[in-house]
Amino acid sequence: MSRFLIPLIAAVLFLSSCGGDISLVRNSNSSYEILIANDPDSMIIHAAEELQKYLEIISGVNIPLVTINSENPGRAKILLGAYPEGDSYSRHNIFYRVEGGNLLIGGGSPLSSLYSVYTFLENQLGCKFLAPDTEIIPLKRAIKLEKDLAYNYTPAIETRTVHSRLFYDNHDFANKRKVSTEAFPAYVPEARVHTFHRFMPAAVFYNDHPEYYSLRNGRRLTTQLCLSNPDVLKIVSDSVKAHFDRNPGSGIISVSQDDNTLYCQCDECAAIDKEEGSSSGTMIRFVNEIARQFPGKTISTLAYQYTRKPCITRPEENVLVTLCSIECDRSKAIEDGCSDFAADLRGWKELSDNIRIWDYTTQFTNFLAPFPNIRTLGPNIRFFRDNNAKWVFEQHSNNPSELFELRSYLMAELLWNPDLDADNVITEFCNAYYGSAGSYVKEYIDAIHGELAKDKDFFLFLYGDPSQGFNSFLSAELLKKYDSLFTRAYETLIDNRELIPRIERAGLSIDYAILEASKKGMGIYKPDSSAKSRLMKFERICRENNITAMNEMRYTVDEYISSYNIALERSALANKASGADVVLLSRPHKYAGEDPTTLTDGALGGNNFYSGWLGFEGNDMEVVTDLGKEMKISSLNTAFLQVTNHIVFFPALVKVSYSTDNVLFNNIDLKLTSAPLGPDSKINDIEYYNFEFKALTARYIKLYAQNIKHAPGWHNASGLPAWIFCDEIIIN
């Protein structure tokens with residue numbers, strides 16, 4: 001590329017004139033040609049072809065694309081290329097400008113030059129690249145540019161990643177929105193994050209060398225590595241070298257903790273962390289040792305959970321520190337509502353110029369739920385930029401989620417230019433993408449964010465559930481209001497049916513929230529025929545739009561539909577225990593307000609433990625339901641939840657017994673779980689227990705569920721207390 005711009009600038013000077021504005025196209029004709037170097041980079045060729053293509057779509061004129069050797073001296077030029085090597089310009093810089101009678105478009109690298117082309121098409125010619133299948137290209141007989149046109153921009157955030165399949169599966173669209181086409185560009189594919197277990201698998205090392213692993217309460221666990229052990233450093237270093245050798249084109253590898261907080265507390269590790277003032281101390285010292293062995297490579301690590309607080313030791317220049325904002329309230333800007341993370345970021349800024357942010361922008365337990373965090377995106381990205389973050393990874397759902405196209409577009413725009421007015425971007429996108437229905441989508445966004453803002457104490461958690469908002473921004477009255485907005489939006493598109501799938505996808509989150517409200521029997525919503533009808537609508541929209549994932553735990557739409565139909569069947573059952581008192585013989589913890597009547601209130605639990613489940617941590621569940629008087633009964637129906645990555649497991653067994661006096665209980669039946677826990681267990685599941693027996697007379701029904709007590713050795717929370725969560729008790 002070093003031979004490129006020098007001859008092109010000469011051509012500019014030769015062809016420049018002192019005239020007024022220039023016309024690339026006039027009366028459907030053009031005197032211009034697109035000029036590139038004789039040996040251009042393939043990305044430059046693509047940029048030139050894209051410019052040529054869109055200029056033809058806009059004007060109907062095919063402007064010739066030529067190299068220097070074949071240029072026509074009599075034609076004006078659109079000069080396209082990258083800065084020469086060795087120049088002082090940033091490789092991230094983009095520019096376009098008019099000089100004399102010519103237009104120059106370029107950048108600090110071939111990819112930046114492509115970004116310049118798309119920026120020119122958007123800024124100057126009014127093109128809109130909204131989604132992979134949605135572009136708005138204006139048609140013009142003339143294309144005129146001002147003689148003093150000059151645009152120059154260098155993004156402060158140099159690597160911009162939005163975790164969305166709209167970009168990963170559509171690289172051209174990613175380039176138009178100027179974000180990366182993969183989640184971990186330049187990383188060794190097998191070592192992107194949470195890599196300790198990859199470098200030192202417990203199955204290989206633990207039996208002979210338990211001292212290589214985390215010491216907790218006198219036991220060696222496989223949860224993390226012992227970073228003060230010199231053998232661990234050698235083995236990990238050798239593994240890093242092997243990974244780089246197998247992937248010579250990769251420049252980054254992650255040397256980072258596994259996804260749990262059970263780090264080593266041996267005397268040596270504890271002493272280092274104490275000296276450093278943070279548990280990141282052992283991590284940074286360890287990673288620095290590896291980084292010194294690979295000066296031409298980048299060693300990425302995490303400042304995450306227990307390692308998030310900065311230590312004293314400075315990371316080596318080739319260490320990339322990734323701060324993760326997982327604990328933050330997503331309803332508030334981080335600088336205002338997550339002071340600990342904000343302080344940690346400022347602290348790392350003082351230690352390193354090589355900071356990456358791993359931010360979270362969706363509800364991982366419920367991709368399709370309403371998640372009103374949009375107003376925090378701009379302030380957060382500006383805060384990251386102002387504190388040295390050159391790489392921001394916005395971990396969205398990857399799979400379709402609430403307002404998926406809008407969110408993907410908005411995050412890309414803000415990463416490119418954090419100072420944009422997000423509200424204006426949203427309005428423009430809604431009007432362009434949803435047409436006449438756009439104003440209703442915007443009204444919904446404003447309404448739901450406004451309602452959440454009124455609830456100052458609400459914590460919008462990325463592992464939360466819609467049910468948490470049923471007394472707040474998702475009340476029955478507000479759900480009805482939001483639903484009516486999407487109904488009106490739909491009605492405006494009756495004569496523009498091609499846009500209907502877009503508005504149906506946009507309203508899917510409210511359909512889901514209403515389904516969950518109906519499962520709880522909340523307000524105007526009941527688990528009845530109207531819920532069945534909405535479930536069928538929800539299923540149709542998901543099928544037609546290839547929406548298959550409900551959450552990050554691989555819980556599918558098909559599983560949700562099946563589970564919901566079971567819930568509808570359960571809700572239709574007569575229940576002699578409805579509203580009955582429940583006496584606790586073992587103590588629940590934290591969830592459902594620890595209220596035992598959660599088991600008889602008619603509200604059915606969802607796929608998340610926040611949603612109508614009574615939880616027991618590390619202990620068995622034993623409860624007695626008082627029917628109020630003796631009754632003939634012949635069945636008991638209940639359910640238990642599993643979310644394995646959150647240490648929620650099915651009980652080992654469930655037992656039912658009965659009494660007439662609440663003193664002497666007689667066994668009815670016992671069932672073992674049909675899905676014993678193992679490494680391959682489904683992450684997110686519900687197990688239903690149906691006990692049917694010969695009719696008997698009883699007043700008191702005891703339900704006992706045996707907890708496995710602790711996470712097993714292979715689990716990433718090995719040794720921590722296990723949870724069981726129980727749903728409604730239905731007795732007939």
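Start by selecting Arg356 and Trp391: the charged end of Arg356 sits over the ring of Trp391, 4.5 Å from the ring's centre. Keep in mind that this is a predicted model. For another spot of this kind, pick Lys655 and Tyr704, where the charged end of the lysine sits over the tyrosine ring, 5.5 Å from its centre.

Searching the whole structure turns up 43 aromatic pairs. Select Phe184 and Phe393 to see a tilted one, with 5.8 Å from centre to centre and 35° between the planes. Why is this pair worth a look along the chain? Phe184 is in the loop between α5 (171-177) and α6 (196-199), while Phe393 belongs to strand β18 (residues 389-398), so the pair ties together parts that are 209 residues apart in sequence.

Next, click on Phe364 and Tyr463. This aromatic pair is edge-to-face, with centres 5.8 Å apart and planes at 70°. Here, too, distant parts of the chain are linked: Phe364 is in the loop between β17 (355-360) and α13 (374-386), and Tyr463 is in the loop between α16 (438-454) and α17 (476-491), 99 residues apart. Phe364 and Tyr463 are both buried.

Six strands make an open sheet with parallel pairing, in the order β11-β18-β17-β16-β15-β14. At the edges stand β11 (159-164) and β14 (252-254); each has a single partner strand, so one side of each is left without a neighbour in the sheet. From one strand to the next, the twist averages 25°. Zoom in on β11 and β18, which run parallel and are joined by five bridges. There, Arg160 stands opposite Val392 in β18.

Last stop: the nonpolar cores. The largest has 105 residues, and among those touching the most other members are Met200, Val236 and Tyr482. Select Tyr482 and look for its contacts, including Tyr444, Ile448, Phe473 and Ile510. Then find a second, separate core of 35 residues, with Ile36, Leu55, Ile58 and Ile105 among them.

Terms used
Residues numbered from 1 in each chain as written. Predicted model: local features only at pLDDT ≥ 70, side-chain atom pairs only at ≥ 80, totals over all residues. Heavy atoms only, no water. Phe/Tyr/Trp six-rings, centres within 6.5 Å; stacked < 30°, edge-to-face > 60°. Helix = DSSP H or I, 4+ residues; strand = E, 2+ residues; numbered from the N terminus. Buried < 20%, exposed > 50% of the residue type's maximum accessible area, 1.4 Å probe, protein only. Lys NZ or Arg CZ within 6 Å of the ring centre and 35° of its normal. Core = buried A, V, L, I, M, F, W, Y, C linked by side-chain atoms within 4.5 Å. Contact = heavy atoms within 4.5 Å. Pairing = 2+ DSSP bridges. Axes fitted to C-alpha atoms, helices over the stretch in contact; angles between N-to-C directions. Lists of a residue's contacts leave out its neighbours within four places in sequence.
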